[in-house]
Amino acid sequence: MIYQRSSALFAEAKKYIPGGVNSPVRAFNAVGGDPVFVKSAKGAYLYDEDGNKLIDYIASWGPLILGHAYEPVIEAVIEKARKGTSFGMPTEVETALAKLAVSMVPDIDKIRFVNSGTEACMSAVRLARGYTGKDKIIKFAGCYHGHSDSFLIQAGSGAVTFGSPNSPGVTQGTAKDTLLANYNDLQSVRELTNANKGDIAAVIIEPIAGNMGCIIPSEDFIKGLRELCTQEGILLIFDEVMTGFRLGKGGAQEALGIEADIVTFGKVIGGGLPVGAFAAKEEIMDHLAPDGPVYQAGTLSGNPLAMSAGLAMLTELDAKPEVFKSLADKTAYLHKGIEDVLVKNGIPHQINRFGSMMSVHFTDEPVVDFNSSAKGNNETFKKYFHGMLREGVYLPPSAFESYFLNDALSYNDLDFTIKALENIVDELK
Ligand SMILES: *Cc1c(COP(=O)(O)O)cnc(C)c1O
């Protein structure tokens with residue numbers, strides 16, 4: 001495959017946009033080389049600016065669960081656009097999407113729409129702080145909750161006491177209120193709650209993690225976390241920006257059988273347009289302005305185009321829940337196909353999978369948290385990524401990202417992908 005035009009477009013973009021991209025992972029820093037510029041996409045396929053056709057395993061990082069340019073979503077957006085794109089006044093479609101989302105997700109009464117997952121998580125934490133009257137939060141190393149200051153935190157020297165900024169521009173003052181625990185390690189959470197008794201507003205977690213590869217919580221861990229939060233009067237926030245409306249109608253709460261206190265959404269809920277949301281029981285949500293004192297707002301929040309895309313998407317998923325099973329079956333098939341090739345060729349690997357999320361790590365050790373994920377061999381990953389790209393398969397360009405399957409993928413596409421791996425596997429040895 002030739003990537004002349006993509007490379008030229010990237011060079012031009014770099015003159016005017018920092019790093020040539022509007023979100024860093026797109027720049028291929030983790031795998032090297034120039035990113036692929038997309039011209040269009042349909043179903044499971046991307047068509048790039050050089051005329052290459054690629055099988056897509058990221059689906060815009062999750063939103064396009066039914067494939068690219070899905071007709072009911074596109075039609076809904078076009079029809080809405082003709083009637084005006086934004087009013088800054090209430091519209092009926094906002095209530096329609098809210099009502100549908102609340103009916104699909106367990107344990108929520110009300111939902112507030114924002115424009116991104118970042119905004120959803122940032123606002124959920126403010127609401128939790130406003131509701132509990134406490135300042136500190138606990139997050140897990142390797143979990144991503146968007147780029148707001150409170151989440152750009154790494155373990156500090158006194159890990160049990162407080163975190164430190166992991167980006168310049170995040171203040172020590174902010175960092176001191178975010179405590180860092182280890183995924184799948186309940187004891188690390190207990191140590192933090194004991195050392196900060198009565199000061200913790202919320203624990204925020206990706207209930208199935210997808211930002212350090214795909215990582216599945218052990219049953220003891222996630223159940224124990226729920227119990228601990230209840231005991232200590234801490235709100236449990238499930239960041240379902242990836243998992244919401246992907247693992248099933250009720251997301252990870254339903255899949256794991258655990259109820260969170262606040263849930264955040266993004267990605268699928270916007271059907272490919274910019275939508276985020278956060279939701280909870282009425283008692284908590286009523287603390288939000290204008291009913292309550294916790295401020296939160298947005299000029300384009302509940303935008304009619306974005307709402308109609310989300311409504312079309314959730315309407316499809318609500319009417320055809322078998323799609324979640326179909327996606328999980330396809331993901332399991334891909335998992336087995338990739339695993340067989342890697343085993344046959346003696347390449348050390350771990351494949352983690354939950355529903356339609358999956359990741360391949362080139363390591364012997366089980367991948368259960370950030371540290372074990374970081375042990376994957378990145379040189380092998382780079383060869384894997386670029387080899388597959390050459391064969392016409394677009395995988396996430398970082399070992400820390402999950403695959404997101406879309407239901408437009410056919411078993412022929414999956415077989416093509418497995419065959420592509422057979423073609424390049426010698427390069428991984
Ligand atoms: C993508 C993601 C976010 C951030 O959403 P944006 O729309 O990119 O701001 C937050 N949490 C999780 C779990 C995500 O995967």
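A polar contact is a pair of N or O atoms within 3.5 Å; within protein, one atom must be able to donate a hydrogen and the other to accept it, and residues adjacent in sequence count only if both atoms are side-chain atoms. The model in the viewer is predicted: local features need pLDDT of at least 70, side-chain atom pairs count only at pLDDT 80 or more, and totals for chains, interfaces and linings use all residues. Residues are numbered from 1 along each chain as its sequence is written, and side-chain values use heavy atoms, with hydrogens and water left out.

Begin with the ligand. Select N211, where a polar side-chain atom lies 3.2 Å from an oxygen atom of the ligand. Next, select G117; here a backbone N or O atom is 2.8 Å from a ligand oxygen atom. At D239, an N or O atom of the side chain lies 2.6 Å from a nitrogen atom of the ligand. The protein buries 82% of the 380 Å² that the ligand exposes when taken alone (accessible areas by the Shrake-Rupley method with a 1.4 Å probe).

Now turn to the domains. Colour domain 1 (1-69 + 376-411) and domain 2 (71-319) separately; these bounds come from an automatic or database domain assignment. Their centres, taken over C-alpha atoms, are 27 Å apart. Where they meet, 14 residues of domain 1 and 17 residues of domain 2 take part in the contact (heavy atoms within 4.5 Å).

Finally, select L225. Which residues does L225 touch, not counting those up to four places away in sequence? The residues are F140, L186, V189, V203, I205 and L236.
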